[in-house]
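The sequence and the structure come first, and the description follows.

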Amino acid sequence: MMSEKITNVNDVTRENWILSTFPEWGQWLNEEIENTTVPENNFTMWWLGNTGLWIKTHENTNIVCDLWCGSGKRTHGDGKMRAGHQMMRMSGVNNVQQNLRISPFVIDPFKMKNVDALVVTHTHSDHLDINTAAAVLKQGGKDVKFIGPAEVVKMWIKWGVPADQTITVKPGDEVQVKSVKIKAFQAYDRTELVTAPVGETLKGKMPQDMDPLAVNYLFETSGGNIYHAGDSHYSNYFAKDGNENKIDVALGAYGENPRGIQDKVTSVDILRMAEDLKTKVMIPVHYDVWSNFQADPKEIVELWKMKKDRLDYKFQPFIWQVGGKYTYPQDVGKIEYHYPRGFEDVFTKEPDLPFPSLL
Ligand SMILES: [Fe+2]
């Protein structure tokens, strides 16, 4: 139900402004997802921002992966980074960075319906989020599953998610969620390996084990398979994953790294990743969300055009937009997404103009 429109300045408060404006898309996308019927031998997915993904199958299985319902910096604070932060460990910095969230909120998590499982790749807060966990639990009750590596599951349980609804996965594990088989793979997210509690020193120690912290996933559906690489950096092992699995669509965490930083996959390595995985469609994600890691994905398309004939690429890139829909294989051939432009019904009724040639 629409709330009544406020028409007097004295009735406007900060709180009702926030509630009437946020999330920016209201429940538009919730409605679209619910009303979408996925054709046989296809799957449909929506980009929820960052590496967040909603996968819907022909059988009406609904998987939400890595939905982040939080924000980045909201204040300058004291101008210093939190001691022991992974980016501080990586690069020896002290000063706070302007990592503001720039993607809109395209979905209302508390209006989500029919989610069968929340699947999370790793422990970082732009992927593992208490708001998402709460919303998924509220809509799904006892039937919804929470799937992630050990440290992700530990955090969910700490937040109050019933332990018997969680499933801990490590590379090699498979979980069936209705019509979807979810396979866990090793992750290649070296930023995770320098993530440690405040006060802990990593210098001179053996690196942490990746498997409890982060995994990649393959979602096998009746319409094709999606490889979700979380925040993985480039790895030679993508070629092994590609050899051993049929991958139709792959998502990689793309972004322009600030000077002295190695965190996101750049355009050249997104192309290498696609070639290694033997995917048919390669989709960059994550570059939408942080103000200091923005990148232009057209760079991927331009490099792909330059190299595809000589290197005999068997894949194509797809440049998406947050909140956009992609159906595989129906949308194969599309290189760039545009939101539905509407106005399909032009001139289905008489225009109301002073005279016909005015416009
Ligand atoms: Fe991330």
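## The nonpolar core

Of the 85 residues in the largest nonpolar core, Leu-118, Val-119, Val-136 and Ala-250 touch the most other members. A nonpolar core is here a set of buried Ala, Val, Leu, Ile, Met, Phe, Trp, Tyr and Cys residues joined through C-beta atoms within 7 Å; a residue is buried if 20 or more other C-beta atoms lie within 10 Å of its own, exposed if 12 or fewer, and partly exposed in between, with C-beta atoms placed from the backbone. Leu-118 is in contact with Val-64, Thr-132, Ala-133, Val-136, Val-144 and Phe-146, once its neighbours within four places in sequence are left aside; contact requires that the C-beta atoms of two residues, placed from the backbone, lie within 7 Å.

The model is a predicted one, in which local features need pLDDT of at least 70 and side-chain atom pairs count only at pLDDT 80 or more, whereas totals for chains, interfaces and linings use all residues. Residues are numbered from 1 along each chain as its sequence is written.

## The sheet from β6 to β14

Seven strands form an open sheet of mixed pairing in the order β6-β5-β4-β3-β2-β1-β14. At its edges stand β6 and β14 (325-328), each with a single partner strand, so one side of each is left without a neighbour in the sheet. Direction ignored, neighbouring strands of this sheet are turned by 20° against each other on average. Strands (E, at least two residues) and helices (H or I, at least four residues) are DSSP runs numbered from the N terminus, and two strands pair if DSSP finds at least two bridges between them.

Four bridges join β1 and β14 in the antiparallel sense, with Phe-43 opposite Tyr-328 in β14. β2 and β3 are also antiparallel, again over four bridges, and Leu-53 stands opposite Cys-65 in β3; these two strands form a hairpin with four residues between them, and Asn-60 in the turn has a positive phi of about 65°. From strand β3 (residues 62-65), Asn-62 and Val-64 point one way and Ile-63 and Cys-65 the other way, and all are buried. β3 pairs with β4 in the parallel sense over three bridges, where Cys-65 stands opposite Val-119 in β4.

## Crossovers and flanking helices

Strand β4 (residues 117-119) runs parallel to strand β5 (residues 145-148), joined by three bridges, and Leu-118 stands opposite Phe-146 in β5. With helix α4 (residues 130-140), these strands make a right-handed β-α-β unit; a crossover is right-handed if, with the strands pointing away from the viewer, the path from the first strand over the helix to the second runs clockwise. β5 pairs in the parallel sense with strand β6 (residues 166-168) over three bridges, and in β6 the bridge partner of Phe-146 is Thr-166. Between β5 and β6 the chain crosses through helix α5 (residues 150-158), and this β-α-β crossover is right-handed.

In α5, Val-152, Val-153 and Trp-156 are buried. Seen down the axis of α5, its buried residues fall within an arc of 95°, so they line one face of the helix; the arc is that of the directions from the helix axis to the C-beta atoms. What covers these residues includes α4, β5 and β6. α5 lies across β5 and β6, running at about 160° to β6, where axes are lines fitted to C-alpha atoms, for helices over the stretch in contact, and angles run from 0 to 180 degrees between N-to-C directions. Gly-160, which follows α5, has a positive phi near 105°.

## The sheet from β7 to β13

Another open sheet of mixed pairing has seven strands in the order β7-β8-β9-β10-β11-β12-β13. Its edge strands are β7 (174-177) and β13 (316-317), each of which pairs on one side only. Strand β12 (residues 281-285) pairs with β13 in the parallel sense over two bridges, and the bridge partner of Met-282 in β13 is Pro-317. Helix α8 (residues 267-277) packs on this sheet, touching β10 (224-228), β11 (249-253) and β12, and its direction makes about 145° with that of β11.

## A loop residue

Asn-99 is found in the loop between α3 (86-91) and β4. Asn-99 is partly exposed, with 16 other C-beta atoms within 10 Å, and touches Gly-72, Lys-73, Trp-290, Ser-291 and Asn-292, not counting residues up to four places away in sequence.
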